[in-house]
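Welcome! Please take a moment to look over the sequence and the structure below. A short tour follows.

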Number of protein chains: 2
Amino acid sequence: MKYCSACGHFLVEYIPKNDHLVRHVCDHCGTIHYQNPLVVTGCIPIDGDRVLLCKRAIEPHAGKWTLPAGFLENGESVMQGAVRELKEEACAQAIDAQFYAMYDLPHIHQVHIFYRCHLDINYGVNPGIESTDVQWFRLQEIPWNELAFQSVRQALIDYSADRDQQSFSVHTHCISH
Amino acid sequence: MKYCSACGHFLVEYIPKNDHLVRHVCDHCGTIHYQNPLVVTGCIPIDGDRVLLCKRAIEPHAGKWTLPAGFLENGESVMQGAVRELKEEACAQAIDAQFYAMYDLPHIHQVHIFYRCHLDINYGVNPGIESTDVQWFRLQEIPWNELAFQSVRQALIDYSADRDQQSFSVHTHCISH
């Protein structure tokens with residue numbers, strides 16, 4: 001961030017009055033340009049003892065498996081974002097989406113939120129533009145060494161443990177590596 | 001957003017290839033400037049049947065009561081942000097913070113997250129720079145008509161109902177007005 005997005009002048013960096021962190025500030029128009037964490041939202045699509053994973057067509061981690069997830073957009077709820085990502089990446093329609101987990105990833109300035117859901121059987125399951133494949137995996141057959149993201153791994157660990165105990169609660173973890 | 005923060009050129013607005021939303025794009029350096037929701041994180045400080053509220057010293061809603069909360073910063077977990085906000089606004093130290101609620105506010109592009117917590121009795125409770133007063137309120141005495149934000153109202157409604165039933169669960173709501 002070098003230039004003011006409001007007026008185009010060079011930015012400078014300092015701690016503004018009544019603040020405690022260094023910000024990018026425009027001394028020409030006075031705008032303070034805050035940089036804050038992003039929310040990633042996704043689904044854990046479930047069918048009996050199976051979960052749906054998508055093989056990533058794009059970087060980062062092309063070729064690895066992931067739960068359908070992506071950045072929350074302005075104007076949508078976190079659940080709506082998760083449902084949209086499922087549609088985009090697996091051409092599937094979520095039903096019964098339930099808040100399941102929130103994971104902090106402070107080292108990459110992200111918060112990842114997952115909903116467990118079932119799929120509307122009137123829709124198929126097909127790779128979307130960001131996927132080369134979508135497959136149902138039994139929990140015993142999850143490709144643990146081929147997962148794209150730490151948060152996806154944690155969601156599948158939490159879900160597998162809950163499923164073993166037939167007791168589902170909301171999970172939070174700080175994933176700082 | 002008019003100018004590219006990376007190179008300073010004028011931005012144009014269109015839907016980039018493989019995207020589905022209009023973005024601010026720099027045709028000079030190729031940067032796509034996404035705009036995404038912000039996370040607000042806060043505490044519900046509890047002492048028996050009382051909750052701690054702060055009287056806002058600043059706009060918006062100066063003079064109204066709020067739970068200590070503010071924007072999540074890069075590099076901190078959502079819980080760390082909530083604990084920091086409590087320190088900044090009420091000069092208090094949280095202990096036993098537990099994830100309590102996530103509220104969507106899609107119309108203002110925000111997600112509000114609250115932790116219920118107790119306070120370390122070795123620290124006092126005093127107004128921080130953004131507060132003119134901090135007070136413990138019994139749940140029956142919450143100033144419902146003088147609350148600053150819808151999400152604070154919802155958090156206090158959810159907490160009061162849970163307290164009545166002596167059963168605390170995680171809450172989610174979409175607050176779209």
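## The nonpolar core

The largest nonpolar core holds 42 residues. Those with the most contacts inside this core are Leu86, Met102 and Ile113 of chain A, that is A:Leu86, A:Met102 and A:Ile113, along with B:Leu86, B:Met102 and B:Ile113. Keep in mind that this is a predicted model.

What does A:Leu86 touch, once its neighbours within four places in sequence are left aside? Its contacts include A:Cys43, A:Pro45, A:Leu52 and A:Pro68. Also among them are A:Cys91, A:Ala92, A:Gln93 and A:Ala94, as well as A:Cys117 and A:Leu119.

## A look at A:His171

You can find A:His171 in strand β11 of chain A, which covers residues 171–174. Is A:His171 buried or exposed? A:His171 counts as buried because its relative accessible area is 14%, and the cut-off for buried is under 20%.

The side chain of A:His171 makes a polar contact with the side chain of A:Asp162, at 2.7 Å. With neighbours within four places in sequence set aside, A:His171 is in contact with A:Asp162 and A:Asp158, and also with A:Tyr100, A:Ala101, A:Met102 and A:Tyr103. A:Met102 is also one of the residues with the most contacts inside the largest nonpolar core.

## An open sheet in chain A

In chain A, three strands make an open, antiparallel sheet, in the order β1-β2-β3. Strands β1 (12–14) and β3 (32–33) of chain A are at the edges with a single partner strand each, so one side of each has no neighbour in the sheet.

β1(A) and strand β2 of chain A (residues 23–25) run antiparallel and are joined by three bridges. A:Glu13 has A:His24 in β2(A) as its bridge partner.

Definitions and conventions. Residues numbered from 1 in each chain as written. Chains lettered and ligands numbered in written order. Predicted model: local features only at pLDDT ≥ 70, side-chain atom pairs only at ≥ 80, totals over all residues. Heavy atoms only, no water. Helix = DSSP H or I, 4+ residues; strand = E, 2+ residues; numbered from the N terminus. Buried < 20%, exposed > 50% of the residue type's maximum accessible area, 1.4 Å probe, protein only. Polar contact = N/O pair within 3.5 Å; in protein donor to acceptor, adjacent residues only side chain to side chain. Contact = heavy atoms within 4.5 Å. Core = buried A, V, L, I, M, F, W, Y, C linked by side-chain atoms within 4.5 Å. Pairing = 2+ DSSP bridges.
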